[in-house]
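Please keep the sequence and the coordinates in view while reading.

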There are 2 protein chains.
Amino acid sequence: MTIVVQDVLHGSRLALARLLSQIENSTPAGYTALSELFPHTGQAHLVGVTGSPGTGKSSLVNRLAWHYRHPPEGVPQKRVAIVAVDPSSPFSGGAVLGDRVRMRDLTGDSGVFIRSMASRGSLGGLAAATSGLVQAFDAAGFEIILIETVGAGQAEVEVARLAHTTLVVEAPGLGDDIQAIKAGILEIADILVINKADRPGAEHTERALRGMLQLAHPGRRVFRHHGALETVQPSQPEPTSGESVWLPPIQKTIATEDSGIVELIDQIAKHHQYLHDSGEWEQKTRARLQSEFDDLLHTALVQRWRASVTDERIAHIFEKLAQRQIAPRDAVSALLNGVPR
Amino acid sequence: MTIVVQDVLHGSRLALARLLSQIENSTPAGYTALSELFPHTGQAHLVGVTGSPGTGKSSLVNRLAWHYRHPPEGVPQKRVAIVAVDPSSPFSGGAVLGDRVRMRDLTGDSGVFIRSMASRGSLGGLAAATSGLVQAFDAAGFEIILIETVGAGQAEVEVARLAHTTLVVEAPGLGDDIQAIKAGILEIADILVINKADRPGAEHTERALRGMLQLAHPGRRVFRHHGALETVQPSQPEPTSGESVWLPPIQKTIATEDSGIVELIDQIAKHHQYLHDSGEWEQKTRARLQSEFDDLLHTALVQRWRASVTDERIAHIFEKLAQRQIAPRDAVSALLNGVPR
C-alpha cells in the first residue's frame, strides 16, 4: 500500500488533499490509490443536493454540515465531506470564493472537509472524477458526503446518480412559471426542500410541487398541511410489508435563520433507514458498481481498439462514410478487422 | 443488390412497408438492406416534432403533411413520410388508432407514408430503429420526414438529435406553471410552436416562452409582437457575414382550423436554407454519422469482448467487486485479460 493511502486511512488531511488533486487530475498515482482505497469504501451515506441557482443550496449545505457536527444530546456526531460540483464553471474561481464564505462557520473543524470541482472537460469525466473524490472521502471515514450540484441538467442527473439520497431544492419567487420546474427532477428527488420558505410565494411553490408529486405518484395520497415549517411526511407503509415505498416528503427550510434544518436531517436519516430496510441500499450500491464497471470497460475497449488502428485507416474509412460510399455498420466492420483477434 | 432494395428504390410501397418491419425488428436482412440503401440517403429534410401530450402535435403533423402535398402555385409538391415514435407505449395500439384518425385527409395519397413505432425495449434501441426507418424513407425518395415524438424525456432528445430541424410544440392552459416547460427543451428547439393558439392563455404561454428564450439567448433581441397568428421572426444576420445565428422563432397555429400552418412551413423552409447557408447541414450530418458509428463500434466491441469471456469468470469477478475485494478499474483489467490480444 502506498504511503499516501496509509496516511489517508490514518486521517491525514494533508494526504487527503493531495490525493483528491491526483484523482481530479486523473493521474496514475490517483488510480493506484483509488484501487487501494476501494476495499475501505461503502460505509458513507452519499447525499446529493441539487437545485437552480438562487435557491440557497450552499447555505443549506453549510447548515446541514454544521448540525451534523453539533447534534442534539445523545445523537452521535458525524464527519462530513462536502463536494461542490459546478459543471457550468470552466474555472474554479467562483467555487473557491463560495468556499470561503461557506467555511466561516465550519473553519477549524477537522471533522469537515470541503472540496470544489469546476468542470474541466466532458460530462462523463466530471461524473467519474466526482465518483473518485467520493470514494476517497468514504475510505477516509467521512460518514456523510454532501454532493452539491448546480441546476439540474444531464450533468447533475449523472452526479445525483451517485447519491443514496437526493435533495432537490426549490425557492419561492424564482420566476414562477418561467422557472424551469422540470418534470425530470421529481424522478431523482428523494426529498423536496423549499428553502427561503419565509419569502412570498412559498405556498404557491408548495402547491406546484405537490401537484407535480401527485402527477408523478398517481393514486398515492400526498398529504396537505399548514404551518410554515411543518414537515410533510406521508405515512410510510411498514417496511416489513414487502410493499415499502418512499414518497418524497416536502420540507420547508430557512437556511439563513437555521430553521427546518434539524427536521431535514431527520428526513435524511429516515430515508437512510428506508434504504436499508427495503434493500434499496444494496441494490443502489450494486447498480452503481455495475455502471462504473461498464463505463470503464467501454473506455478500455475503445482505447485498446484505437491503439490497434492507424489514424490514416480511420480517416480513410470516415471519408468513405461521409461520402456515403459505405454504411456506418460496414465502416465499423472494416475498422474492427484491423484488430488482431 | 437485394430485390427488396431495388423495389424500394423504384418506389414500391409494399416493399418499403416490408423493409420497415425488418428494420424495426433488427433482422439481418434489414441490416443488409440498410447497407445497400445507405448510398442513396442524405437528401431528405428531417423535421422533428416534439411536445407534451395534449398540445395537438398529431393534428399539426397531419396538417403539415397535407400542405406539403398541396402547396401554393409555383411551389413544388413534396413527398412526406411521418414516423410517429411513442416511447411510453409498450404496444402500438394507441399509435395505430391515432394513425387511422390521422390518415383521414391523407389516405390514398401515394406521396405520404405513415409509420408508427411503439417502444420495444431500450432507449438506445428506439433511437437506432428510428434512425433506420428514417434512412429507408430517405433512400426511397421522401423529401420531408416528420419525426413525431411524445413528451421531451431523454428518448425524445435522442430522437430529436436525428432531425435537422426540431419543432417544439406547446399549447395554452396545460396546467400553467405545473406544466413542465423544461429548460432543456429550448436547447433542442429550432422553432417553437404554440398550437391551439385560440385558447385562453395563449398570450401567457407566449410570454413564458419568450422569457425562456431570452434566458437561453442572453444579449440577443427577442422580438415582441401582437396579433394572434403573426409570425415572430427575429431578423437574421446575413448568412454571408460569417456570424450567422438562428434565433428560434415562435409560431402560433390552430391546427384544427388550418391556421398558421403555411407560415410554419415557411419557417421550416427558412431553417432549411439557414442550415445550408451556415454550413450546419453538413456539420449536423457528419456529427450524426460519427455518433451512429460510435454507437455501433461500442456495441460491436462489447459483443466481441463478451463472446471471449465465460459467464463464470464474469460472475466471479463481479462477486469480488461487490465484496469490494477488487476495485472497478482492476475488475475491468482482470476481465480484459481474458481476451486474446
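**From one helix to helix packing**

Helices (H or I, at least four residues) and strands (E, at least two) are DSSP runs, numbered from the N terminus. Helix α12 of chain A covers residues 311–322, and its 12 residues reach 16 Å from the first C-alpha to the last, close to the 16 Å expected at 1.5 Å a residue; the expected span is 1.5 Å times one less than the number of residues.

This is a predicted model, in which local features need pLDDT of at least 70 and side-chain atom pairs count only at pLDDT 80 or more, while totals for chains, interfaces and linings use all residues. Residues are numbered from 1 along each chain as its sequence is written, and chains are lettered from A and ligands numbered from 1 in the order in which they are written.

Chain A as a whole has 13 helices and seven strands. Of its 341 residues, 40% count as buried, that is, with 20 or more other C-beta atoms within 10 Å of their own, C-beta atoms being placed from the backbone (12 or fewer is exposed, in between partly exposed). Two residues are in contact if their C-beta atoms, placed from the backbone, lie within 7 Å. Among contacts in chain A between residues at least 6 apart in sequence, 74% join residues at least 24 apart.

Leaving aside neighbours within four places in sequence, A:A139 is in contact with A:V8, A:L9, A:L37, A:H40 and A:T41. A:A139 and A:G11 are 128 residues apart in sequence, yet 9.9 Å apart in space, C-alpha to C-alpha.

Between the chains, the axes of α11(A) and α11(B), each spanning residues 280–308, come within 10 Å and cross at roughly 95°. Axes are lines fitted to C-alpha atoms, for helices over the stretch in contact, and angles run from 0 to 180 degrees between N-to-C directions. The two helices are therefore roughly perpendicular to each other, a class that covers 65 to 115 degrees (under 35 is roughly parallel, over 145 roughly antiparallel, the rest oblique). In this crossing, A:H298, A:L301, A:V302 and A:W305 meet B:H298, B:L301, B:V302 and B:W305.
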